[in-house]
Amino acid sequence: MKRSQGQVDAKSDELETKKMPPAKKPKRLYEPPTADELNELKETENLFKSNLFRLQMNELLQETSLKEHERKPYEIQLHNVKAALEDIQSKEEEIDLSSIGTGTVFEDEISVPICFKTCRNKGTFKLCPPTRVQVVGSFLLKTQAKFDANVDIAVEIPKECFGGRDHLNHLYTAKRAVYLAYVASHLKRKRDLFTDIKYVLLDSNPLRPCLQLKSGDCLLRIHPVIPEGVLKLVKLWPSKNNVRVEKFFKNSKKRDDAAIIATPAYNTSLLLDLSYERNLRILYESCSACLAMRDAILLVRVWLHQRRLSKGPGGFNGFIASMLIAYLFDKEKVNAMMSSYQIFRVVLQFLVDSDLSTQGISFVSYDDSEASHFPALDEFHQHFDVVFVDSSGLLNLCASMKKDNYLNIRHEAKLALSFLGDIAIDGFDALFLTPVNFTMKFDQFFYVPLAELKTLSRKKDMRDFILAEAGNWTAAWIDRILPPLLQGLGKRIRQMAHELHVQEEWDVSKSSPDFKKGNLSFGLLLDSDHAFSILDKGPPADDAQAVQFRKFWGDKSEMRRFQDGSILEAVLWPCENQADRRTICRRIVTYLVEKYGKLDGSSVLYVGDQLDPFVKTQTHGTGEEEIVAVFTAFESLTRDLRKLTDLPLVIQSLQGTSAVFRGTQVMPCGTARPVGKQLSADGHGSRILAPSDSCSPWCPSYKVVCHLEGSGKWPDDVDAMQRIKAAFHLKIADLTSEKCHLVAIPRQTSVSIVKDGFVFCLSVANDKEILLLRRSASLEKEESTTGADNLEMENVHRPLLTSTLRGVHMRFSAFALTARLAKRWISSQLLSFHISDECVELLVAHLFLSPAPYAVPGSGISGFQRFLYLLCHHNWNSTPLLVNLNDEFKKEDFDEIPSYFSSKRDELPAMFIATPRDKGRSIWTRNGPNPVILYRLVLLAREALKAFIIDDVSTGSFSLKQIFRPSLDDFDVIIRLKPSHLPRLLEAKGHHKQKHQKSRPIKSDTLPVFDFNPAVEYLTDLEDAYGDVAMFFHDLYGGALIAVVWKPTAVEPQAFKIGSVVSLMPQAKGKKEKLKAITPGKTKMIINKKAIIEDFKRLGEDLVDSIEIQKS
C-alpha cells in the first residue's frame, strides 16, 4: 500500500511526539510471571546460549542506538539547515556547461566536485533554490548506530534546471555537481552555524558526492535528488547506453548499434537519486508493522561494521541491509512476532542459503501483468555481479557490489552462524565487539598501486570497461581482472575479496582528489587441501573445453599423461620444497595480472612468504623436509627397538617429546656432519672429536620417553629405581649396537642413539618413580617436590602435550609454521629463555582451535599476525586463556575455570593457560613469563603489528625485517660473544649466504657432539651466579650477544648483613666522604656493578669478545 509524502511525514511526526506510557506499578516479589515474561524465558532457552548472551544483546542495543537526548542536537541543526537552505537565492547568470570539468571553481573559491573525467556538454542552465528539503535515511527511522551517526537531507533540484536530454553523456553528473557547489557556496557564508563543510563521496561512489556539514559532534549530509517525472525511466534500464563513446573519449569514432556498450553504472547513479522517498516509505511501513525490525537493523549494522563489510565501494552498507530485512518481511520470511535476534539470524541464514550472484531477488513480482514494464532479472545479471532490485523494478541496490565481495559476505554470514552455535566460542564478543582486520582475515594478499591503474586507464583496450563503469578506472580494472583471478585460482582459495581505500572527503575549497594515492588490496583465503598443489589439471586433450583451457593459460598449458592413462591439459608449477609450494598462488596471480590485467608483475606487491627467510635452513628450504626426515628416522628406530626381545621387560611405547615431534622446531637441522674435524680415540674405544679452535657444528638431540611393560618388581626406593633404569639404559645400548648396528652410548639418565644421522636421547620412564619422589624425606620436601614435578613434566605432561599438538599439526597445515615463526620472533627479542616453547605452542594452538572472529589461519603470515594480536589484546590480568585441545572442555568448564581464576588470581601465573588436562595450574607458564616479561612482550607485539600496515606500495618495498631485530636501548649491559664459538650463528638472519665448509657424513661408529652450545652454557652459569641481581636475555637462534638488565630490587640500597656481602659494596653518602666502619643494620649496601661485570668476563673467558656498559 502506497502512501503520500504528507502521510509519511505526519506519521513520522506522530512517532516522534508519542508520549511514553505511564509507569506500571511494581510487582510483588512472588507474583507469577506474565505471558510476555514466559515467552521471553522460553526464547532465551531456545535461542540464546545463556541468559548472559541475552543481557549482552540488550545492552548492545542500548549502547549503539541514539537516545532521545542525543537526538536533540541533530534536530536543532536540522532546523538551522532547513532555514539556511530556504534562504538560498536564485543565480541570475546561467551556468555554461561546456566549462564544467575536474578542477572547475564555482564561486567564492568553491570547487565543483567532479571526480572523474566526464563528457564535455554544450548548453547552459539556471540555478534555482531547491523545491523541497526533507529528512531521509536511518535517522528518521531510528535505525542509526552511534558509530555512524549522521542525518541525511535530500535537497530536490527544481525541474527548471533540467532539460530533455539530461540522462545523456554525464550531463546530469555535471548539473548535480554544480548544484552541490551552489548549495555549498551559500552555506559557507553561515559560519556561525557550521564549523566545517566538506565534500564526501556517498558509499565511496565518485559519481555521487554529497555535502557534509559539521556542527559540534553533529554530522549532516546534503544529497541532491531528482524530482519525479523529469527523466524517462525506460532510458535507464541496465542494458541502455547513455554515454556515447565519441563524446567520452577523444579521437573515438561513433559506433553502430551492435557495438554500443551498456552503461549500467551511470544509469544506476541517476536511479539512486530518484529512489530516496520511495525506499524510505518502504522501510517506514516495514518498521511500523514489525517493531523488532529497528533493533534487528541495528544488530546487522554493528555486525557489518565490525566485519568491515559496510564501507568502501560496493560495501554491504546499512541501507542495503535495511532493505534486505524489509524484503524478507515483504516475502513473509520475517514476521511481526519475531524478536530482533531471531530476525538477525534469519538474515544470516538467508545470506548463506541464497546466491544473489546467480539468482537475484526483487521486490517486484514478475508474475503480475505489469511485469513487462520492468527489465527481467536475467537482464540485470548480464550487467551486474549481484542483483537485488527495489520496488521500482529498475534500481539494483547492489549495483556496485562485486562478486568476490558478495561471496565474502556469505562466508562471513556462515562464520557468524557457526560462532553462535558453538558453546566453546563467545559468539557475542566475536560478532559484535571484536573488530576484524583485513590483513589478519586473509592468508595471503596482494596490493596494486592506484597510480599504475591510472596510467593503464589511458590505453584503448580499457575504454569499454571504463565506459561501463562511468569513468571509474579502478572499478573498470576490477571488472577486467576479477574473472581471470577467480578462474585461475579456482580450488586453491576458499574466498577472495578486495578493499579500496581512497580519499573520500575533501574541503569544498579544494579540487577533487585524483585517487592516484593508495592501493587496491586483494585478500586470499586459502584452501589448504588444494592451495599448494603443483599441478592444475584441465579437461581431456580431445575435449571441446581444452581449447578454452589452452587459451586461458597460454604457454603455461601442456598435455600430460597420468598414471591412470588419461591425457589431460595441465599447468605445472615446479617446486623443490614446501617453501616453494607456498609461492604458487603468488606465481599464479603475477601471471594473470600480467596477461589479463596488463600490468607489470613487479609493480604488484604480493604478501605471502615474507616471513619464510626467518625460518629458512641451510638447505634453502624452511625446514619441513628436515622435520619429515626426523620423523622417518624415528619411526625406523621405533621398529628397530621393538625387535629387541632380549630385554627383561618389553618396550611398550616410544614417545618423542622434543619440539620436532610436534612439527614446531624452529630450526630443524639435517643429519649430523662434523665439519673439518678429525676423529680420535678417547682410550676407552669410543670415537670423539679432536680439540679445535672453532666450535663444533650444531647438532641437536631429540628426546624420547620409553615406557616398558608393567611389572610389580620395581623397587620402592628412589635410588634403587634410578639404578635399575640405568641398567636398562646399558642393556638397550648393548642390544642396539649388537643387533641394530647403531651407535648407542649409555648414560645414567638416558641412552644416546644415532639413527640416519640424527641423535635420539632415549630415557626409560616409570610412573612409580614420581610417587616415590613425592613420598621422599620430609627434610628435603621442597627439593623432592620439585624433582617429582620435573619428572612428571618430562614423563607425563610433555609426551601427552606432544601427541596432542602433533594432532593439531596434522589437522592444520599452517600451525607448525606459525608456531615456528612465533618462537623465532620471541627469541629474536631475546626472550626465549623466559617463555617455554610449549607455552608459545599452546598460544598458537588456541588461534587454530578457537579462531573466532576469523576463519582458521591458512598461512604462516596470517597466523603470526593473529599471534601478535592475541598477545597484545588479550586481558592476561583478568581473563584466563582456554585452549580447547581435542574439544575436551565441557560446557560448565567455560564458567568454572574463569571463576576459579578470579578467586585465585594472586596465586596463579601472570599468563594463565588452561587446557582440558590442566584446568587449574597452568603448568607451562608457572616458571614464566613473569609480569615484567609479559608486559614487555605485549608492548613488542603491539609495535610489531604496525609493520603489517601497508599504506602505499609505490613508496617502497614491503619488509618485515625490523620486527625481528631487537632494540638494545633498554638494556644496561651488552655482552658480545665471539662468533667462532657460536655453533648456531648461521641460523641468525643474514648469515645464510656465508660460505659453508665442506662436510662429510659421519662414520657409523661415531657419536657426534650434540646439544653443545657455549652461549647457552655461559648463560646458565650467569643465571646461577647472578640471577638474583640481574636478568639475562639471549637469542637462541644465532644470537651473538647476551643482554643484561639489573633488577630494580637489587639496585636499591639494602641493609648490611653478615654473610650476605657477595657482589655488594658499602654505599658512600658523598663522593669525597670516606667510609669509616661498617655497622650491621645501619650501613647501606649496593651491588658492585663493576666487580660483577668483571666476573661476567671471567666466567666467559675465551667466549666473551667485549662488554658494553650502556647504563651506569
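# Exercises on a predicted model

Helix α14 covers residues 403-420, 18 residues in total, and spans 26 Å from first C-alpha to last, close to the 26 Å expected at 1.5 Å a residue. The model is predicted. The exercises start with this helix.

## Exercise 1: a helix

Find how many of the 18 residues of α14 are buried.

Solution. Begin with the cut-off: buried means under 20% relative accessible area. In α14, 14 of the 18 residues are buried. The helix is therefore mostly covered.

## Exercise 2: a sheet and its helix

Work out the strand order of the open sheet of three strands, and say which strands are at its edges.

Solution. Step one is the order: β14-β16-β15, with antiparallel pairing. Step two is the edges. β14 (535-540) and β15 (557-561) each pair on one side only, making them the edge strands. From one strand to the next, the twist averages 40°.

Step three looks at one pairing. β15 and β16 (residues 567-572) are antiparallel and share five bridges. Met 559 has Glu 569 in β16 as its bridge partner. In general, strands of a sheet pair through backbone hydrogen bonds.

α20 (residues 545-553) lies across β14, β15 and β16. It runs at about 145° to β14.

## Exercise 3: a glycine in a loop

Locate Gly 623 and decide whether it is buried or exposed.

Solution. Gly 623 sits in the loop between β17 (605-607) and α23 (624-642). Next, check its cover. The relative accessible area of Gly 623 is 0%, so this residue is buried.

Then list its contacts. Setting aside neighbours within four places in sequence, Gly 623 touches Thr 617, Pro 668 and Arg 820. Finally, take a distance. Gln 665 is 42 residues from Gly 623 along the chain, and their C-alpha atoms are 8.6 Å apart. Across the protein, contacts between residues at least 6 apart in sequence join residues at least 24 apart in 72% of cases.

## Exercise 4: cysteines

Now check burial. Cys 761 has 4% relative accessibility and counts as buried. Cys 585 is buried as well, with a relative accessible area of 2%.

Note on methods:
Residues numbered from 1 in each chain as written. Predicted model: local features only at pLDDT ≥ 70, side-chain atom pairs only at ≥ 80, totals over all residues. Heavy atoms only, no water. Helix = DSSP H or I, 4+ residues; strand = E, 2+ residues; numbered from the N terminus. Buried < 20%, exposed > 50% of the residue type's maximum accessible area, 1.4 Å probe, protein only. Contact = heavy atoms within 4.5 Å. Expected span 1.5 Å × (residues − 1). Pairing = 2+ DSSP bridges. Axes fitted to C-alpha atoms, helices over the stretch in contact; angles between N-to-C directions.
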